[in-house]
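Colleague: Before we discuss this one, could you show me the sequence and the structure, so that I can ask how the labels were assigned?

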Amino acid sequence: MNSPATPANVLVVDDDDSIRSALADRIRHWGHHADEARDGEEALESSARKEYDLVLLDLAMPRRSGMEVLQAWREAGYGADVVVLTAQGSLEAAVEAIRAGAADFLPKPADFGLLEAALNRLIANRRLTRVNRALTEQIGDSKAFVVGKSSGMAALLERAERAAQGTKTVLLLGESGSGKQMVAEYIHQKSPRRRGSFIYVNCVAISDELIESTLFGHEAGAFTGAVARKEGRLEAAHGGTAFLDEIGDITPRLQAKLLHFLDAGEFERLGGTRTIRVDARVIAATNRDLRAAVKEKKFREDLYYRLNVVELQVPALRERAEDIPLLTEEFLARSSAEIGRGRLKLASRTAEILGRYAWPGNVRQLRNAVERMAALARTDTLTPDLLPPEILASDQESSADPDDLPMKEAVQEFKKRYIAKALAEAGGNQRVAAERLGLQRPFLNRLIKRFGL
């Protein structure tokens with residue numbers, strides 16, 4: 001058996017030293033972590049300190065029987081899958097254990113082939129449950145993709161693809177809205193972990209307690225409102241990738257806890273004492289200057305270097321203007337599909353305005369502008385009057401100065417600006433703009449077409 005990409009934590013509980021050691025050795029040979037307990041008391045002590053994915057539990061043991069241990073685990077809310085080991089002729093005990101919450105049973109002495117099949121099945125089921133939970137809890141649709149033919153994006157994606165093949169942390173730097181999450185998902189999809197979950201975590205939170213719970217989870221009673229145990233987002237990323245956005249905003253206390261996780265691959269839930277091991281790759285992102293934050297003692301230097309094993313700079317959209325048409329086409333295609341219309345297209349004047357705009361909000365702002373136009377459009381051609389007011393206003397300011405034009409052209413330029421301003425102030429509503437201008441709406445519509453608005 002090849003070593004698994006995401007090893008499980010297994011506890012082997014048996015009072016027979018030779019059987020217990022043989023089982024643990026075999027499990028380690030299969031690439032998993034294995035701890036041993038000689039009886040029920042040791043099993044409970046181990047479970048109180050550490051979180052397990054799977055437990056092999058002998059039913060016939062001194063001090064505490066396997067059934068008593070199983071019941072104690074269930075009362076404590078421990079979530080490990082339990083495979084009970086039963087002696088020949090103990091089918092009734094096995095059935096009772098299944099009713100009490102065990103996931104499977106195997107006769108003793110354990111057949112390694114059957115044991116391996118059972119472990120693989122249960123591990124796969126746990127992984128599938130994690131993935132489904134992560135998908136269910138994911139807020140919103142990231143709509144993430146990477147598009148670009150500019151030299152800056154080509155170089156970035158080439159480095160990102162090389163970084164994807166490793167396991168080291170990646171730090172993505174860039175302005176807000178520049179597409180750092182898209183690049184993070186690109187790295188995940190190009191990595192050996194692509195079949196695992198991609199978990200997004202926004203590290204900006206109302207309280208330190210809330211972001212700690214989001215990252216690491218919490219136990220029941222950890223804080224007001226914590227009525228039940230909750231798995232953290234890092235646990236949900238087991239076997240996959242955790243994307244920590246706005247990493248520069250976490251507090252010093254959480255910086256220390258995150259550093260320990262990056263170093264040891266383990267942590268404790270908020271309000272808990274049990275050690276939880278998680279195999280997740282971390283990609284972090286920020287629009288802040290972390291080097292300056294380190295100098296100002298606002299960000300731990302050791303955490304900065306732990307995160308910044310591979311640093312990738314995501315260029316601002318204004319630095320790769322040649323990618324604007326490609327991004328726009330992609331957003332148009334998605335918007336067309338979402339609203340169930342034919343393929344939308346830009347009027348030539350609209351495309352010109354989009355190409356000249358500085359895009360302070362980067363790719364996110366472009367996507368929002370295209371989605372707004374698609375939602376407001378009455379035809380399949382998106383005209384400039386559908387653009388957000390700030391983009392229209394910026395275009396008016398950048399247009400030629402009428403004082404430098406011949407009189408006839410200056411008059412036309414003035415009319416064009418005047419109408420564009422009215423449309424922007426009316427939020428693109430032609431009826432409202434016509435009323436403000438004192439024009440009939442059909443006449444305003446003809447002027448909009450004449451001026452390419």
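Colleague: What makes Glu219 and Arg269 buried or exposed?

Modeller: In this predicted model, Glu219 and Arg269 are both buried, a label that means under 20% relative accessible area, with exposed over 50% and partly exposed in between (1.4 Å probe, protein chains only). Local features need pLDDT of at least 70 and side-chain atom pairs count only at pLDDT 80 or more, whereas totals for chains, interfaces and linings use all residues. Residues are numbered from 1 along each chain as its sequence is written, and side-chain values use heavy atoms, leaving out hydrogens and water.

Colleague: Why is the contact of Glu219 with Arg269 called a salt bridge?

Modeller: The term asks for a side-chain nitrogen of Lys or Arg within 4 Å of a carboxyl oxygen of Asp or Glu; the closest N and O atoms of Glu219 and Arg269 are 3.0 Å apart, so the pair qualifies. Both residues also belong to a salt-bridge network that includes Glu51 and Arg229.

Colleague: Which label does Glu212 get, and why?

Modeller: Glu212 has 3% relative accessibility and therefore counts as buried. Lys257, with a relative accessible area of 18%, is buried too, and the side chains of Glu212 and Lys257 meet in a salt bridge at 2.9 Å, N to O.
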